[in-house]
Amino acid sequence: MKHISILVPEGDSSLSNLEATFKMFNMTNDALKKAGKAPLFSTHLVGTHNKARLSNGMFSIIPDTTIDEVDKTDLIIIPAIHGDYKEVVAKNGAFIPWIKQQYGNGAEVASLCIGAFILAGTGLLDGRDCATHWLAASEFRAMYPEVNLIDDKIITDSNGLYTSGGAYSSLNLNLYLVEKFAGREMAVLSSKIFEIDISRASQSPFIIFKGQKSHNDKEVLKAQEFIEKNYLDKITVDELSEKVAVSRRTFERRFKKATSNTVIEYLQRVKVEAAKKELEKGRKTVNEVMYDVGYNDPKAFRDVFKKHTRVTPLEYLNKYSRVK
């Protein structure tokens with residue numbers, strides 16, 4: 001039987017992560033029993049101590065056991081925890097050596113949503129791909145520059161380390177783990193019972209692009225603001241570098257370092273975000289929106305839009321338009 005340790009961190013933990021994860025693995029056990037098979041999972045809430053924690057100031061969570069009492073586990077699951085990210089990691093520092101020790105002994109580790117901050121704090125994600133909530137991407141990169149953050153992914157899987165995208169994307173990672181350990185049939189059954197889209201692989205359609213401005217490069221910030229005010233005009237990299245009085249080569253390097261996008265990618269994302277807002281209103285056709293944001297070629301617009309959202313403009317219009 002696979003021993004699963006769902007961590008109960010200090011601070012405001014995500015109750016939805018804790019409850020849904022616990023239920024999904026135990027529901028799989030129930031389904032296996034009904035099929036005349038042995039249960040696969042022994043699931044436990046594990047804390048650094050066994051006293052109750054308050055979540056959101058209203059709900060108490062009491063761990064079943066503590067890290068001192070768990071000598072060996074097979075899978076550690078870190079839920080999302082809210083608040084200042086540096087404080088969250090510092091408050092939960094006692095988990096770090098235990099997670100590293102268990103991983104070294106063969107355990108696998110999964111983080112849900114912004115639980116990735118705690119997992120990254122172990123150093124185990126250095127040089128590896130990682131997903132987290134898109135809203136926390138800038139802060140994550142600043143704290144963990146050695147980790148390869150993949151903004152749009154819902155799930156990453158690297159050497160027994162798993163991460164998931166934002167919020168309820170954690171359900172997709174839970175399904176992924178159920179499939180890995182209990183098989184496709186059980187994962188499909190779970191997806192139907194919990195009504196989760198088992199095929200969802202990207203959080204791109206949900207990302208709201210606000211520009212990556214949590215940096216201290218004044219010239220890059222000036223260029224970003226110019227792009228956002230003038231994205232309908234034809235803007236060149238040479239024009240921007242001249243405007244901020246930095247050589248093109250240096251400007252492009254600094255822009256990429258500060259924003260994690262090339263200048264062209266940034267301009268595309270500003271245009272796509274403007275297009276998304278218009279499509280959500282539902283008052284214009286896709287072609288009208290295309291012209292409004294500065295594109296004349298339907299194929300080019302479709303390709304750029306899909307590159308950044310993983311859906312076509314028409315699919316986005318049909319899904320998010322206020323006018324049905």
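The buried residues of helix 6 (170-182) are Ser 170, Leu 171, Asn 172, Leu 173, Asn 174, Leu 175, Leu 177, Val 178 and Phe 181, where buried means under 20% relative accessible area, exposed over 50% and partly exposed in between (1.4 Å probe, protein chains only). This is a predicted model, in which local features need pLDDT of at least 70 and side-chain atom pairs count only at pLDDT 80 or more, while totals for chains, interfaces and linings use all residues. Residues are numbered from 1 along each chain as its sequence is written, and side-chain values use heavy atoms, with hydrogens and water left out.

**The whole chain**

Let us step back for a moment. The chain has 14 helices and 13 strands; both are DSSP runs numbered from the N terminus, helices being H or I with at least four residues and strands E with at least two. Along the principal axes, the C-alpha atoms fill a box of roughly 65 × 45 × 35 Å. Of the 324 residues in the chain, 49% are buried. Contact here means heavy atoms within 4.5 Å. Among the contacts with a separation of 6 or more, 63% join residues 24 or more positions apart.

**Two helices checked by length**

The expected span of a helix is 1.5 Å times one less than its number of residues. Helix 6 has 13 residues and should therefore span 18 Å, which agrees with its end C-alpha atoms being 18 Å apart. Gly 183 follows helix 6 and has a positive phi, near 100°.

Helix 1 (residues 15-34) passes the check too: its 20 residues should span 28 Å, and its end C-alpha atoms are 28 Å apart. The buried residues in helix 1 include Leu 18, Met 24, Phe 25, Met 27 and Leu 32, along with Asn 17 and Asn 29. Just after helix 1 comes Gly 36, with a positive phi of about 80°.

**How helices pack**

Two packed helices are described by the angle between their axes and the distance between the axes. Axes are lines fitted to C-alpha atoms, for helices over the stretch in contact, and angles run from 0 to 180 degrees between N-to-C directions. Here are two pairs to look for.

| Helix pair | Angle | Axis distance |
|---|---|---|
| Helix 11 (residues 263-281) and helix 14 (residues 313-320) | about 45° | 8 Å |
| Helix 8 (residues 218-229) and helix 10 (residues 248-259) | about 85° | 10 Å |

Angles under 35 degrees count as roughly parallel, over 145 as roughly antiparallel, 65 to 115 as roughly perpendicular and the rest as oblique.

Take helix 11 and helix 14, which pack at an angle of about 45°. That angle makes helix 11 oblique to helix 14. Their crossing is right-handed, the term for a near helix turned clockwise from the far one by less than a right angle, with anticlockwise giving left-handed. On the helix 11 side, the contact is made by Lys 276, Leu 279 and Glu 280, and on the helix 14 side by Pro 313, Tyr 316, Leu 317 and Tyr 320. These residues divide into five nonpolar, no polar and two charged. In this grouping, Ala, Val, Leu, Ile, Met, Phe, Trp, Tyr, Cys and Pro count as nonpolar, Asp, Glu, Lys and Arg as charged, and the others, Gly among them, as polar.

Helix 8 and helix 10 pack at an angle of about 85°. Helix 8 is therefore roughly perpendicular to helix 10. From helix 8, Glu 219, Val 220, Ala 223, Gln 224 and Ile 227 meet Phe 251, Arg 254, Phe 255, Ala 258 and Thr 259 of helix 10. This contact has six nonpolar, two polar and two charged residues.

**Some single residues**

Val 109 lies in strand 9 (residues 108-111) and, at 0% relative accessibility, counts as buried. Leaving aside neighbours within four places in sequence, the contacts of Val 109 include Leu 75, Ile 99, Tyr 103, Leu 119 and Tyr 162. Val 109 and Thr 163 are 54 residues apart in sequence and 8.5 Å apart in space, C-alpha to C-alpha.

In the loop between strand 12 (155-158) and strand 13 (161-164) you will find Asn 159, which is not a glycine but has a positive phi of about 55°. At 57% relative accessibility, Asn 159 counts as exposed. Ala 245 sits in the loop between helix 9 (237-243) and helix 10. Ala 245 is not a glycine either, yet has a positive phi of about 60°, and with a relative accessible area of 69% Ala 245 is exposed.
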